[in-house]
Amino acid sequence: METKNYTGRIEAAITAEAAFEGINRVCDWWTANLEGSSERLSDVFITHFRDTFTTMKITESVPGKKITWLVTDCYLAWLKDKHEWTGTEIKIEISSTGSSTAIDMTHVGLVPEVECYNDCEKGWNFYIKESLRKLLTEGTGRPDTPQIKR
């Protein structure tokens, strides 16, 4: 039986380079509460969502083509296994055909058998299919912007 990782796809009338640049602006479409840098190979960044965080390392970065983030640590407060994402990868592939660019995101390890799948699928669907699309097509995404206590 084949494992079904979460996948999301959007298309926009932009260049592959513009898509790459927009995706790297994580604080403009996923969460405004970001520590570190999310733009270059080997960058490490931490996303915060209230009492939840994920630490990511950029392990692959090919301008206009591909980005891979490795989750090196996380704390998902609402789950029994609060470190469920640790060791998973977010792979984003960019491809252009004519005047349209497709962005395919796969969260390797986020599968229906894990506790987070249903809630995380809804979250990724919003952040990829709505917020990132809005950033790329209109210039402004809809990132999470809660106040956090540090």
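**Cysteines and the largest pocket**

Okay, let's start with Cys 74: it is buried, at 0% relative accessible area, where buried means under 20%, exposed over 50% and partly exposed in between, with a 1.4 Å probe and protein chains only. Before I go on, this is a predicted model, so local features need pLDDT of at least 70 and side-chain atom pairs pLDDT 80 or more, while totals for chains, interfaces and linings use all residues. Numbering runs from 1 along each chain as its sequence is written, and side-chain values use heavy atoms, with hydrogens and water left out.

Cys 74 is in no disulfide, and the nearest cysteine sulfur, on Cys 116, sits 8.8 Å away; a disulfide here is a pair of cysteine sulfur atoms within 2.5 Å. The structure has 1 disulfide, and that one links Cys 116 with Cys 120, S to S 1.6 Å. Cys 120 counts as buried at 7%, whereas Cys 27 is partly exposed at 33%.

On to the largest pocket. Which residues lie nearest its centre? Those are Trp 30, Phe 49, Trp 78, Gly 123 and Tyr 127, out of 15 lining residues. The elements giving two or more residues to that lining are β4 (52–62) and α2 (117–138), and α2 has the largest share, 5 residues. By "pocket" I mean an open set of points on a 1 Å grid over the protein atoms alone, where a 1.4 Å probe fits, with protein on both sides within 12 Å along at least five of seven lines; lining residues have an atom within 4 Å of a point. Helices (H or I, at least four residues) and strands (E, at least two) are DSSP runs, numbered from the N terminus.
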